[in-house]
Amino acid sequence: MKVLVAVKRVVDYNVKVRAKGDGSDVDLNNVKMAINPFCEIAVEEAVRLKEAGVATEVIAVSVGEKACQEQIRTALALGADRGIQVETEGSVEPLVVAKLLKGVVEKEQPQLVILGKQSIDGDNNQTGQMLGALTNMAQGTFASEVKIDGETVNVTREVDGGLQTVQLKLPAIVTTDLRLNEPRYASLPNIMKAKKKQLDVYSPADLGVEVKSHLSQLKVEPPAERQAGIKVEDVDQLVDKLKNEAKVI
Amino acid sequence: MDFTFSEDQLLFRDSVRDFLVNEVTPERIRGTWESDSGRDDGLWRQLAEMGLTGITVPEEHGGLGMNELDFVLLAQECGYVALPEPLVNTALVAVPVLTQLGGELAAEWLPQIAAGDTRVAVGCAENGLAEDAAQCGLLLWAEPQALYLLTPEQFEARHNASVDPSRKLYAIDIAEGVPPVATGEQAAALYQAVLDRGALGAAAQALGLAQRMIDLSVQYTSERQQFGKPIGTFQAVKHHMANVAVRLEYAKAPVTRAAYALAGDESRAAHAVSHAKLAACEAANLAAKNSIQVHGAMGYTWEVDLHIFMKKAWAMAGTFGDTGFHKQRVAEHIFADGAVLGAGTTF
């Protein structure tokens with residue numbers, strides 16, 4: 001079974017994000033970039049499926065500028081077999097990414113596509129679902145457990161108030177939630193091996209997709225700073241404030 | 001000439017940094033102080049899985065075959081987290097010495113080290129004590145005229161307290177009749193190698209320790225408020241840390257230079273190492289002193305993590321030759337008959 005995993009280059013989750021002085025975008029100058037944590041979980045799941053003998057090949061795909069090859073190499077170091085970069089310029093919207101991924105899906109014909117449920121920069125939570133709609137493949141989002149059973153995959157989803165298990169016919173799309181697994185570290189020997197693994201580069205034209213922008217970003221600004229709290233005299237005053245000022249009880 | 005580190009070397013450094021910062025937390029280090037062995041077997045296994053125990057082991061023995069220059073950045077990362085495990089001594093001292101010995105000894109031990117199955121401890125007469133001797137599967141003990149490779153039944157280890165609770169120090173009594181694996185000139189050359197490589201490892205770790213103490217201090221002084229402002233905004237406080245940052249920056253080049261000299265087996269490697277050790281340990285000592293200052297009374301408490309790094313910095317200053325020893329070596333080089341002095345030659 002061939003598994004396609006999408007990975008995205010994002011600002012490292014440890015970095016405190018800052019807006020540019022003119023508020024036009026997030027400042028990415030000298031900022032550490034990394035593989036999106038949810039995508040890392042997706043890679044780990046695919047590699048585990050391969051180690052379990054369920055998957056035969058794991059392909060890591062990323063959409064972005066040349067720099068995103070770094071994240072594809074990370075996925076290769078974590079255990080993916082080969083990589084694909086779809087080279088685009090600037091930021092691309094989830095719909096465009098989904099269309100490009102659809103092109104890759106048609107080329108590679110994977111039985112399973114695993115994506116992070118969302119990226120920690122845009123927080124859109126759209127690409128997996130859009131890819132499902134475009135390819136007409138079954139989808140199991142927010143997965144906390146993935147079990148392949150013959151021609152189907154059972155996906156346990158994290159939903160409000162509990163867990164929901166859905167059975168999907170393969171080929172299918174799964175998007176990962178935080179608790180699906182704990183990704184491994186790439187070992188140094190595997191980092192070296194990853195440099196020799198195959199990495200193909202496609203342009204959007206190769207996949208028959210026109211990159212269009214439907215949105216324009218008006219402003220980026222940091223969240224308001226948290227104000228200092230106050231000390232209350234007694235419990236009665238606390239209850240009064242919660243009831244009449246905060247209106248939470 | 002390009003003096004910058006290669007893309008691969010920086011990639012390795014970043015990967016190892018991510019791993020160490022996430023896995024070797026101050027809480028985990030404190031946990032080892034409470035354990036019977038003082039060591040964390042799970043962590044050693046993780047280091048082996050990362051490929052770190054075999055990083056300098058030749059490829060034919062199951063390692064990655066990297067050199068001192070490749071490892072020196074990683075040793076700094078080990079210092080940054082105050083790694084208690086003897087990884088730096090293993091990769092930078094024990095493995096190269098075993099490789100130099102070659103033959104059956106190398107064939108027997110190097111694959112085990114690369115796989116993480118055998119921990120190696122290193123000690124030398126200059127130190128007097130061997131770190132981790134009671135926790136190892138193989139002890140490399142170097143004397144000026146004899147080099148020993150000892151399995152646990154071939155020596156007795158007597159515990160000595162250290163200022164750093166993460167360090168497990170032991171005096172060594174070699175059992176009667178155990179022969180050295182090298183004597184005479186060969187042993188003298190290997191003793192020199194142990195000393196130089198150990199000193200380089202200590203210097204590289206001191207750089208990482210200094211950086212960590214700067215980071216901890218910057219974080220603390222950005223949060224601690226006095227007169228309605230973070231104390232880090234006051235010049236008297238920020239100058240303390242700026243002085244450390246400058247000293248640290250100037251210490252980095254000598255450490256890289258020493259690693260380059262050892263990797264290239266240069267004749268001037270010994271004094272390059274001494275220069276590196278002096279510069280790096282001075283930076284770390286200044287970092288410790290000034291960090292305590294800017295932390296105020298909090299810096300003296302057991303609960304604040306600063307002392308983990310401060311005590312390790314003190315320990316690094318005294319291991320594999322103290323300040324006097326290394327100053328003496330530099331002086332001997334400068335004052336030697338026919339010494340070529342000046343830019344590009346003295347250091």
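Mentor: Happy to. Keep in mind that this is a predicted model. In chain A, the end C-alpha atoms of residues 23-211 lie 25 Å apart, and the span is 30% helix and 31% strand. UniProt, in an unreviewed entry, annotates those residues as "domain: Electron transfer flavoprotein alpha/beta-subunit N-terminal".

An unreviewed UniProt entry places "domain: Acyl-CoA dehydrogenase/oxidase N-terminal" at residues 6-117 of chain B. That span is 68% helix and 0% strand, with its end C-alpha atoms 31 Å apart. For residues 192-334 of chain B, UniProt lists "domain: Acyl-CoA dehydrogenase/oxidase C-terminal", again from an unreviewed entry. Here the end C-alpha atoms lie 19 Å apart, and the span is 79% helix and 3% strand.

The crossing of α4(B) past α5(B) is left-handed. On the α4(B) side, the contact uses E68(B), F71(B), A75(B) and C78(B), and these meet L87(B), V88(B), A91(B) and L92(B) of α5(B). By class, that contact has seven nonpolar residues, no polar ones and one charged.

α4(B) also packs against α7(B), the helix of residues 184-223. This time the angle is about 45 degrees and the axes are 6 Å apart, so α4(B) and α7(B) are oblique to each other. Their crossing is right-handed. From α4(B), the residues in contact are E68(B), V72(B), A75(B), Q76(B), G79(B) and Y80(B). Their partners in α7(B) include R197(B), L200(B), A204(B), Q205(B), R212(B) and D215(B). The contact of α4(B) with α7(B) divides into seven nonpolar, five polar and four charged residues. Notice that E68(B) and A75(B) take part in the contact with α5(B) and also in the one with α7(B).

For another helix pair, look at α9(B) and α11(B), the latter running over residues 323-335. Their axes lie 9 Å apart at an angle of about 135 degrees, so α9(B) and α11(B) are oblique to each other. α9(B) passes α11(B) in a left-handed crossing. Among the α9(B) residues in this contact are H271(B), V273(B), H275(B) and K277(B), while α11(B) brings in residues including H326(B), K327(B), R329(B) and H333(B). The classes here are four nonpolar, six polar and three charged.

Over all chains, the count comes to three aromatic pairs. One of them joins W33(B) and W302(B), a tilted pair with 5.3 Å from centre to centre and 55 degrees between the planes. W33(B) belongs to helix α2 (residues 26-34) of chain B, and W302(B) sits in the loop between α9 and α10 of chain B, so the pair ties together parts that are 269 residues apart in sequence.

How values were computed
Residues numbered from 1 in each chain as written. Chains lettered and ligands numbered in written order. Predicted model: local features only at pLDDT ≥ 70, side-chain atom pairs only at ≥ 80, totals over all residues. Heavy atoms only, no water. Left-handed = near helix turned anticlockwise from the far one by under 90°. Helix = DSSP H or I, 4+ residues; strand = E, 2+ residues; numbered from the N terminus. Contact = heavy atoms within 4.5 Å. Nonpolar A, V, L, I, M, F, W, Y, C, P; charged D, E, K, R; others polar. UniProt positions renumbered as here; feature names shortened; annotations may be inferred. Phe/Tyr/Trp six-rings, centres within 6.5 Å; stacked < 30°, edge-to-face > 60°. Axes fitted to C-alpha atoms, helices over the stretch in contact; angles between N-to-C directions. Parallel < 35°, antiparallel > 145°, perpendicular 65-115°, else oblique.
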